[in-house]
Amino acid sequence: MCGIVGYIGARRAEDVLLDGLRRLEYRGYDSAGVATMQGEAIHVVKMPGKVVHLTEALARTPAPGSIGIAHTRWATHGEPNQTNAHPHLDCRGDLAIVHNGIIENYDRLKIGLIERGHAFRSETDTEVVAHLIEEYAMKLPFEEAFLAALRDVVGTFGIAVVSRREPRKLYAARRGSPLVVGIGQNGEYFLGSDPAALIAYTRDVVYLGDDEAVSLSDTGMETFSFDRTRITKTRESITWTIDEIERGRFPHFMLKEIHEQPAVIVNATRGRLDADAGLAKLGGLKDVEARLRGIERLSIVSCGTAYLAGMVGEYMLEEYAEIPTETELGSEFRYRKPILDPAVEAVIAVSQSGETADTIGAMREAKEKGVLALGIVNAVGSTIARDTDAGVYVHAGPEIAVASTKAFTGQMIVFSLLTMLLGRQRRMSQATGSRIAHELLALPAKVERILAQSDRIKALAKKYIHAQSMLILGRKYNAPVAYEGALKIKELAYIHAEGYAAGELKHGPIALLEPSFPVLAIATQDSVYEKMKSNLEEAKARRAPLIVLTNEGNEELVRIADDLIYVPRTIEMLSPILNVIPLQLFAYHLAVARGLDPDKPRNLAKSVTVE
Ligand code: M6R
């Protein structure tokens, strides 16, 4: 989604801002722009399309100065064209503003501003804020005008502003849309909606909280609330490195991240398992361990791929920890008025970014009802990580490709650890705990064996490159994996793919099957394998081409399958972690074979910070 970069210091702001925008490109956007200040002059350059187009425009018309703000826009209000691109100015061009989020009361504010003589240039909700600040700044010092405008706004925002009134100050504020300040050497400051924008310059950061503002100047940084109460913030250190947000030897981030999965499993389990004792230790849950013993129901809330990880988690928690669990889409949970009992229920918010608006909304709905809110989050310091009562980090490292892969694997690993922890608090035996732990520790090497088949899967993808539609089937633990495989194929290769719990085949989708409609079936040898074999027969009888994923050494499906993919064996509850990897590779290679960029699928954003 939209990205914000800001800078004040001694360097050429344009260079820092462009570099930051490039690092935010992965988030998805459709236009880009910068505003710098030199003396009291504001220089704005913006372009529809990619950051490379903005770079070309800046080569023709440079933006001088050592303070500035920049933005990549993902259109919500108004087309993705040059006029609607950020930054936006007030009537007199005295200030420039960039904004992530949605101003929900913008139409009402806009009507009032037009009546009072303000002239709008764009169709955006953002421009309203520029004119509001302008209006307050006629009677108030700039800082007060900035905060007064924010108090009028309903909705979500990460905002950054520069003004001719205070030419060596950069103001920023957030409500619901992340912002992080990077503290550089010799009094320079960086601003980003994502640490990736500033990691090349500094690791020392301060995360702004909701309803917090910051002013950055040559003399220092001040943080305060919207009513101007000073706030003392703690400095934090970013632990990941620049290498982790670069592609290295891989042609795409997505392929790099798929290949990082053995390391993700190692990192997610490191220091968290006592395999012989059959115990999982999750430091982030230590303070709530006693409360967890009394939990009788769990709700897992999340979106997209994280939602599907939650479904796998539900199966694990019910089967092994014996806790009734429901997985729900954040966007549904928050509005359906869920009945929750704070005495015995907990909610688990699952999110790679920790910034997904629908998941945050669901988590807050639960917190308002006094329910224990837990997080399974990848992005350290993100909103969900900070606003939940306790949680477990996934430790997958930054995920740059829009399509989630390694975070999904990491989330499933965390669910298996949580299942062990809650299970051992209840009736899970040491032997069962120990078996799960030893299987978890064996996974990285097994994942490597699957990754080694990438070229075979590439050839397979080429064979199915012209498919118009596909059905992906799985059962029990692997039904969510089928849904995830279909989601990956849709979002990357733009092929209509439907994931189905295989038992549902004969209740409807079987009507679609014919020789041009491939079926990819997950048929690893688990408790539902025999049932899956019947589904394969049903599909074969309709002459649908069959791609079958099964275990190494299982030759009995050679007869029925048109193509086979083999994966190593593990226990059923962990099988999704292995089975999803060939599906990720298949979707990736399908996209590349179809000439598409798997890192930046059309219309998608990496983190969906609006509803
Ligand atoms: O950052 P989150 O895990 O909360 O994001 C949730 C979804 O938006 C995300 O998984 C989305 O479905 C991806 N495009 C999947 O590849």
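A polar side-chain atom of K488 sits 2.9 Å from an oxygen atom of the ligand, a polar contact being a pair of N or O atoms within 3.5 Å. The protein covers 91% of the 410 Å² of accessible area that the ligand has on its own, by the Shrake-Rupley method with a 1.4 Å probe.

This is a predicted model, where local features need pLDDT of at least 70 and side-chain atom pairs count only at pLDDT 80 or more, while totals for chains, interfaces and linings use all residues. Side-chain values use heavy atoms, with hydrogens and water left out, and residues are numbered from 1 along each chain as its sequence is written.

Back to the ligand. For T356, a polar side-chain atom lies 2.4 Å from a ligand oxygen atom. T305 comes in through its backbone: a polar atom there is 3.1 Å from an oxygen atom of the ligand.

How many residues surround the ligand? The shell has 13, and the closest are S351, Q352, S353, T356 and E491; to count, a residue needs a heavy atom within 4 Å. By class, 4 are nonpolar, 7 polar and 2 charged, where Asp, Glu, Lys and Arg count as charged, Ala, Val, Leu, Ile, Met, Phe, Trp, Tyr, Cys and Pro as nonpolar, and the others, Gly among them, as polar.

Now the helices, which are DSSP runs of H or I with at least four residues, numbered from the N terminus. α9 (304–321) and α16 (479–493) each supply at least two shell residues. The largest share, 3 residues, comes from α9.

Technical notes: A polar contact is a pair of N or O atoms within 3.5 Å; within protein, one must be able to donate a hydrogen and the other to accept it, and residues adjacent in sequence count only if both atoms are side-chain atoms.
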